[in-house]
Amino acid sequence: MVSAGMKLIKYLLFIFNLLFFFGGLALIIVGALLQTYFKDYLKFTGDSVSGAAIFIIIVGLVVFLVAFFGCLGAYRENHCMISTFAAFLVMVILVELSVGIAGYAMRNKVESVLEDNMKKAVDEYLSPGSGYIAAWDMAQKEFKCCGPNGPLSWNGTKYTDKNKDSVPDSCCKTIATDCGKGVLAKTWNDTLWTEGCVAGMEQWAKDHAAMLGGAGIGLAFVEVIGILFACMLARAIKKEYQVV
């Protein structure tokens with residue numbers, strides 16, 4: 001058994017592992033919600049958001065399992081388990097750090113990816129069975145936007161070829177049947193959402209990326225403290241066995 005002085009570290013490590021446990025559970029929930037929320041917008045975002053959501057879920061599962069392993073090691077005062085737990089935490093931090101750096105480096109590509117995909121998608125609004133109608137209508141209602149870069153983005157598309165000077169009804173601030181019909185030939189600033197969906201979705205992504213980044217930094221801080229406590233406890237247990 002470890003000395004009384006190290007008992008405190010043991011129980012602190014146990015508490016920190018509980019934080020890891022709930023942190024991992026939170027990551028799993030966030031990843032699942034992200035996957036669910038953006039499944040209707042894959043026409044615009046491509047596979048990048050889906051891949052990010054799956055990665056968050058995987059990291060959450062790893063943190064969840066590592067936390068369980070750490071709790072078990074602290075409870076049993078097992079030197080090997082605690083050392084392995086510390087090594088796992090180091091690997092988790094390195095993965096989180098590399099992904100964070102990659103995400104930061106690619107942050108400016110978000111707008112170009114959205115704009116490219118939306119410019120392609122805006123011309124496919126009426127394509128039967130493509131799912132673009134549902135995707136556009138949901139995005140324009142949710143983000144209070146119209147077209148990739150504003151209502152005029154619909155000009156020159158297959159939609160306005162068939163519906164002259166019109167936009168989908170989901171562009172209207174107050175949605176009603178045919179509220180977008182012929183509206184581009186009039187003064188539309190008060191009746192249509194003027195912001196483009198590229199800007200709206202990009203801002204949403206930036207806001208939530210900042211929240212996720214802050215949570216990630218907080219989790220990494222807890223992980224570093226957990227590594228220190230694990231190393232201290234493992235060293236104390238090893239000394240106790242050597243004395244015995």
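Which helix contributes the largest share of the nonpolar patch? Helix α1, which spans residues 4-38, supplies that share with 6 residues. The model described here is predicted.

## The nonpolar surface patch

The patch covers about 700 Å² of the surface. Its members are F14, L18, F22, L25, I29, L33 and Y75. Helix α1 gives the patch 6 residues.

One of these members, L33, is located in helix α1. L33 has a relative accessible area of 54% and is exposed, because the cut-off for an exposed residue is over 50%.

## Disulfides and their pattern

A disulfide is a covalent bond that joins the sulfur atoms of two cysteines. The structure holds 3 disulfides.

C71 is buried, at 12% relative accessibility, whereas C231 is partly exposed, with a relative accessible area of 43%.

## The link of C145 and C197

C145 and C197 form a disulfide in which the sulfur atoms are 2.0 Å apart. C145 belongs to the loop between α6 (132-142) and α7 (158-162), and C197 belongs to helix α8 (residues 197-243), so this pair ties together parts that lie 52 residues apart in sequence.

The link of C145 and C197 is right-handed, with 90° about the S-S bond. C145 is buried, with a relative accessible area of 0%. For C197 the relative accessible area is also 0%, and C197 is buried.

## The link of C146 and C171

A disulfide is formed by C146 and C171, whose sulfur atoms are 2.0 Å apart. C146 is placed in the loop between α6 and α7, while C171 is placed in the loop between α7 and α8; the pair therefore ties together parts that are 25 residues apart in sequence.

About the S-S bond of C146 and C171 the torsion is about 85°, so this disulfide is right-handed. C146 counts as buried at 0% relative accessibility. C171 likewise counts as buried, with 0% relative accessibility.

## The link of C172 and C179

In the disulfide of C172 and C179, the sulfur atoms are 2.2 Å apart. The torsion about the S-S bond of this pair is about 110°, and the disulfide is therefore right-handed.

The cut-off explains the assignments, because a buried residue has under 20% relative accessible area.

## The salt bridge

How many salt bridges does the count come to? The count comes to 1 salt bridge. E124 forms this contact with K158, and the closest N and O atoms of the pair are 3.8 Å apart.

E124 is partly exposed, with a relative accessible area of 26%. K158 counts as partly exposed at 44% relative accessibility.

Definitions and conventions:
Residues are numbered from 1 along each chain as its sequence is written. This is a predicted model: local features need pLDDT of at least 70, side-chain atom pairs count only at pLDDT 80 or more; totals for chains, interfaces and linings use all residues. Side-chain values use heavy atoms; hydrogens and water are left out. Patches are made of residues with over 30% relative accessible area and no salt bridge: like charges are joined within 9 Å, nonpolar side chains (Val, Leu, Ile, Met, Phe, Trp, Tyr) within 5 Å. Accessible areas come from the Shrake-Rupley method with a 1.4 Å probe; for residues, only the protein chains shown count as cover. A salt bridge is a side-chain nitrogen of Lys or Arg within 4 Å of a carboxyl oxygen of Asp or Glu. Helices (H or I, at least four residues) and strands (E, at least two) are DSSP runs, numbered from the N terminus. Buried means under 20% relative accessible area, exposed over 50%, partly exposed in between (1.4 Å probe, protein chains only). A disulfide is a pair of cysteine sulfur atoms within 2.5 Å.
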